[in-house]
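Please examine the sequence and the three-dimensional structure shown here before reading further.

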Amino acid sequence: CARPCSASHATLSLPQLHPLEVARQLTLLDVELLPDIVEASLAFERRSKSARPPPREPAARLAVATRGGGSTLTFDKSDVAAAGGGAAPKDDGKGLPATLQAAVTQFNTVSYWAATELLTLPRVDDRVARLRLIIEVAVHLEQLHNYQSLFAIVSGFHLSSVNRLKHTWRELRSHHKHDHKTLQRLITLCAPEKNYHNYRRTLAAAVRDGQACVPYVGVFLQDAVHVADAMPDTVPHPNGTDKLVNFEKFRLLARIFGGVIALRRLAQLRVVFKVVPEVRAYLVDYSLLSDDALYALSLQVEPRDATPASIA
């Protein structure tokens with residue numbers, strides 16, 4: 001850490017940590033949790049057609065908020081566990097390989113970490129200062145090509161408890177224009193328009209440059225589930241009675257899984273940051289608040305009828 005890290009992790013707070021080091025430790029955690037895509041592939045193959053749900057919305061989607069400068073991530077509950085650490089949202093995640101579920105759990109943990117950091121501060125100016133720190137962490141994640149945790153932070157900003165903090169967002173927009181502009185750029189990067197076009201283009205450019213990347217697992221899930229559910233395992237034989245293996249389906253799945261396997265290997269080889277025990281413990285042992293607790297705090301720090309003068 002650029003700032004001292006000698007205190008016990010139980011007493012550490014985000015302002016005591018360098019945002020770059022927080023981003024590095026998040027990246028190490030994400031690399032360790034990059035799912036075993038071969039296992040995930042086999043899990044998809046084991047899903048019989050009869051056991052599959054009917055066609056549905058993508059496994060994960062990111063929608064830009066209409067206000068507040070945030071975004072939201074919604075996982076399909078039949079495929080993705082929404083449980084984070086501590087008291088984060090719960091979901092049994094049945095049907096997911098353990099390694100894939102762990103990556104999704106870490107995603108949600110980071111989202112609720114960002115929200116908890118903001119909502120446990122009663123003063124607007126303190127929340128804005130903490131928001132700017134989290135944005136700085138997000139910028140470092142972008143620079144490290146860690147799209148998994150970047151998407152998670154953007155998701156956390158759009159939790160209803162955070163998105164409704166109109167006075168906090170107004171202060172950021174009015175008095176810290178550069179940070180607000182940076183956040184808007186990151187939201188645009190993570191936007192779902194045109195099937196995550198901005199993210200896919202950014203990821204492809206980083207891969208062409210030989211950069212180690214941590215991909216956003218949600219898009220992988222979306223692509224894999226779409227192919228697995230939308231295309232049949234077999235196609236009719238020309239004779240009208242027999243069936244043939246649908247090689248096009250399995251070719252597409254192999255391309256999806258193969259791309260993530262390659263990213264996983266590259267990240268494991270090139271992400272060589274040292275573990276900083278104090279920072280890692282701060283992230284791993286962080287006490288998350290539940291949705292209900294976060295919303296109650298949100299109403300407490302910025303009541304519905306609050307004015308700038310009443311909460312200053």
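Predicted model: local features only at pLDDT ≥ 70, side-chain atom pairs only at ≥ 80, totals over all residues.

Residues are numbered from 1 along each chain as its sequence is written, and side-chain values use heavy atoms, with hydrogens and water left out.

Q: At roughly what angle do the axes of helix H4 and helix H7 cross?
A: Helices are DSSP runs of H or I with at least four residues, numbered from the N terminus. Axes are lines fitted to C-alpha atoms, for helices over the stretch in contact, and angles run from 0 to 180 degrees between N-to-C directions. The axes of H4 (residues 124-143) and H7 (residues 166-175) come within 9 Å, and they cross at roughly 65 degrees.

Q: Is Ser-160 buried, partly exposed or exposed?
A: Ser-160 lies in helix H6 (residues 160-163). Buried means under 20% relative accessible area, exposed means over 50%, and partly exposed is in between (1.4 Å probe, protein chains only). The relative accessible area of Ser-160 is 49%, so this residue is partly exposed.

Q: What distance separates the C-alpha atoms of Ser-160 and Ala-115?
A: Along the chain, these two residues are 45 residues apart. Their C-alpha atoms are separated by 9.8 Å.

Q: At which residue does H9 bend?
A: The bend at a residue is the angle between axes fitted to the seven residues ending there and the seven starting there. For H9, a bend of about 35 degrees occurs at Arg-200.

Q: Which residues of H9 are buried?
A: Helix H9 covers residues 193-208. Its buried residues are Tyr-196, Tyr-199, Leu-203 and Ala-206.

Terms used:
Helix = DSSP H or I, 4+ residues; strand = E, 2+ residues; numbered from the N terminus. Expected span 1.5 Å × (residues − 1).
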